[in-house]
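Subject: Structure for you to look at

Hi,

Here is the structure I promised to pass on. Have a look at it first, and then read on for what turned up.

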Amino acid sequence: MNLLVIGGTSFLGRAYVTQALQRGHRVTTFNRGRSGPDQPGVEAVRGDRNSPEDLARLIAGRHWDAVLDTSGQQPYAVALAARALHGHTDHYTFVSSVHAFVDWPTLPVDENSATHPCPADTPADQPSGNHLKAGCERAVLEVFGPGHSLILNCGLLIGPYENVGRLPWWLERIAEGGRVIAGSGPERELQLIDARDFAAFGLDLVEQGGAGRYVTTAPPGSSTMRGLLEACVTATGSGAELVWVPDELLAEAGVAPWTGLPLWSPSGPEWSNIWTADSAKAAAAGLRTRPLAETVADTWAWIQERGPAAAPYRQGSTDLGIDRATELRLLTALG
């Protein structure tokens, strides 16, 4: 197949490109060249997806069997690309998120769950928010229709080349050894999917001419917080001791859910279904997820090859991870 990947150099986009090339597809990437190097074998077109002029240059004289949009965050930008590419491709895959569903994370969600009421013509440069992914979906569907589009509502991605840094932060902290604040609720279930497994499933659907919507993440209960962090201890060989702390002590210490300890959330109704998205439809269509320990080990191997990160891990503008002074105070209080 002849494929266009919007993005293609960072994490999930990179995973898509790697596997597409391995399968013998022809791949064009379209990006600004800021997030990483192009992979050998692609036709790299430099440009900004927010620029009508750059999009016009991209499509000039080209046609693709399918487009894989792994980088859309703003409805305006996705609508701009979809309109430009209509007539130059037969199929549009958009990587969305479970964030698009109104009820997530307080209630269970599946493919039939309502999405946020964000219109496709939302103006450009909106502040980040869960609703924007729903607007991006509408932008694709309004141009390509449900028969020529594929919406993949992504769960939490981990694996080599992760660009947010949730798993890398844990691996690097645990590699230092000693006593490590691990959060609360060691048996709290997680749903973590390797970006390589996500990309493989997405490509399978494109090759089959698939359309529609799929919640694309690991099965509920496929891992736990203890399982994840013990896999980090094993992969790094550090012998670190995991210390589990009650929710109330973490709150008193000012540890922020999700960012203060990556992937940790306290018990309570507002977080009660963060890890229960129903991925049965995707599993029935062929989604397969590798063992968590394999992903953790591969990510640690990549970190060792990469070397120290060039900048602190961040979610948006928020640094990830508990600061050492707070960690020490908690460990001292626990005895």
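To start with a term: a nonpolar core here means a set of buried Ala, Val, Leu, Ile, Met, Phe, Trp, Tyr and Cys residues joined through side-chain atoms within 4.5 Å. Please keep in mind that this is a predicted model.

By that definition, the largest nonpolar core has 47 residues, and W170, I174, L192, L228 and L261 are those with the most contacts inside it. Two or more residues each come from the strands β7 (156–158), β8 (179–183) and β13 (241–244), and from the helices α5 (166–175), α7 (225–236), α10 (292–306) and α11 (324–334). The largest share, 6 residues, is supplied by α7.

Next, a look at S223, which is found in strand β12 (residues 223–224). Is S223 buried or exposed? Its relative accessibility is 9%, and buried means under 20%, so S223 counts as buried. Beyond its neighbours within four places in sequence, S223 is in contact with R188, E189, L190, Q191, L192 and L292.

The structure holds 1 cavity of 30 Å³ or more, and about 40 Å³ of space lies in the largest cavity. Its lining is made up of S184, G185, R188, L190, M225, L263, W264, S265 and W275. By type, those lining residues divide into 5 nonpolar, 3 polar and 1 charged.

Finally, helix α6 (residues 195–207). Its 13 residues, at 1.5 Å a residue, should span 18 Å, and the end C-alpha atoms are 18 Å apart, so the two agree. This helix is mostly covered, with 10 of its 13 residues buried. The buried ones are A195, D197, F198, A199, A200, F201, G202, L203, L205 and V206. After α6 comes G209, with a positive phi near 75°.

Happy to talk any of this over once you have had a look.

Best wishes

Notes
Residues are numbered from 1 along each chain as its sequence is written. This is a predicted model: local features need pLDDT of at least 70, side-chain atom pairs count only at pLDDT 80 or more; totals for chains, interfaces and linings use all residues. Side-chain values use heavy atoms; hydrogens and water are left out. On a 1 Å grid over the protein atoms alone, a cavity is a set of points where a 1.4 Å probe fits but cannot get out, and a pocket is an open set with protein on both sides within 12 Å along at least five of seven lines; lining residues have an atom within 4 Å of a point. Grid points are joined across faces, edges and corners, and a volume is the space filled by probe spheres set on the points. Ala, Val, Leu, Ile, Met, Phe, Trp, Tyr, Cys and Pro count as nonpolar, Asp, Glu, Lys and Arg as charged, and the others, Gly among them, as polar. Buried means under 20% relative accessible area, exposed over 50%, partly exposed in between (1.4 Å probe, protein chains only). Helices (H or I, at least four residues) and strands (E, at least two) are DSSP runs, numbered from the N terminus. The expected span of a helix is 1.5 Å times one less than its number of residues. Contact means heavy atoms within 4.5 Å.
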